[in-house]
Amino acid sequence: ADQRSTDGSKEMYGRFPKVLVLDNPAPFHSSSVRKLLLDAARSFEGNNAIFSFDADEIPTGHIVEDSFWAGVSSLRPGTGIEFLWLTLWRSPQRYRVGRSVFAPQWKQFGFVDDRRMSYDTVGVINDHVSRIPQAAHQSLHRFELPKVLHYQFVKFERLASLDFSRSFFLWKFNGKCCPALLITFDQNSTPEFFFDNITANR
């Protein structure tokens, strides 16, 4: 759903014939777009698997493997789908661990549509509601692969320099507020196989 873009995005979408572009006229960040997207997805027949990823989230390449889709096909309509969410830290080669909102956590990214469930909450900030209809939480299935890689902090210096981000990038550390650029968080190395089946366009 294109939300009032003026940077040529719509022209770029047109280069991909399989991409369906919807117009999201909302002037602010709202969960109403989820209903807009669900209605569009239901223009295709069947109990389809529907996924929701943010612009800075990319599932690992395992999402294109036949074994994954065989697993999805075995799920009953109405089932929610969970993946492990990992926040990359200042490089694709490292991800955050430890105890924080950016630590690895299971999140609901998709569901098998029974063509009856709906989003109960619309018109509120998108970040404050579930990505899947509430009814799909009653039956959840976890997939070990793919993982979902969160790229928000990969270009850290650039992100921290943006005006809207400056206040966000202050952490209370040892009783004092200091820029997150100066703080070292617990990290693990990102396994190389997470990038299998992914081709980077340079």
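## Aromatic pairs

Two rings of Phe, Tyr or Trp (its six-membered ring) pair here if their centres lie within 6.5 Å, and the pair counts as stacked with planes under 30 degrees apart, edge-to-face over 60 and tilted for the rest. By this rule there are 13 aromatic pairs. In Phe51 and Phe68 the ring centres are 6.3 Å apart and the planes stand at 45°, so this pair is tilted. Phe51 belongs to strand E1 (residues 49–51) and Phe68 to helix H3 (residues 66–73), so the pair ties together parts that are 17 residues apart in sequence. Helices (H or I, at least four residues) and strands (E, at least two) are DSSP runs, numbered from the N terminus.

This is a predicted model, in which local features need pLDDT of at least 70 and side-chain atom pairs count only at pLDDT 80 or more, while totals for chains, interfaces and linings use all residues. Residues are numbered from 1 along each chain as its sequence is written, and side-chain values use heavy atoms, with hydrogens and water left out.

## Burial and a second pair

Relative accessible area sets the labels: buried is under 20%, exposed over 50% and partly exposed in between (1.4 Å probe, protein chains only). Phe51 is partly exposed at 22%, whereas Phe68 is buried at 4%.

Trp89 and Phe153 also make a tilted pair, with 5.3 Å centre to centre and 55° between the planes. Trp89 is buried, with a relative accessible area of 3%, and Phe153 is buried at 0%.

## Cluster and charges over rings

One aromatic cluster is formed by Phe51, Phe53, Phe68, Trp69, Phe83, Phe109 and Phe143.

A charge sits over a ring if NZ of Lys or CZ of Arg is within 6 Å of the ring centre and within 35 degrees of the ring normal. Arg96 lies over the face of Trp89, 4.7 Å from the ring centre. Over the ring of Trp85 sits the charged end of Lys107, at 3.6 Å from the centre.

## Around Phe195

Phe195 is in the segment after strand E9 (187–189) and counts as partly exposed, with 25% relative accessibility. Leaving aside residues up to four places away in sequence, Phe195 touches Pro92, Leu149, Tyr151 and Thr190; contact means heavy atoms within 4.5 Å. Phe195 and Pro59 are 136 residues apart in sequence and 9.5 Å apart in space, C-alpha to C-alpha.
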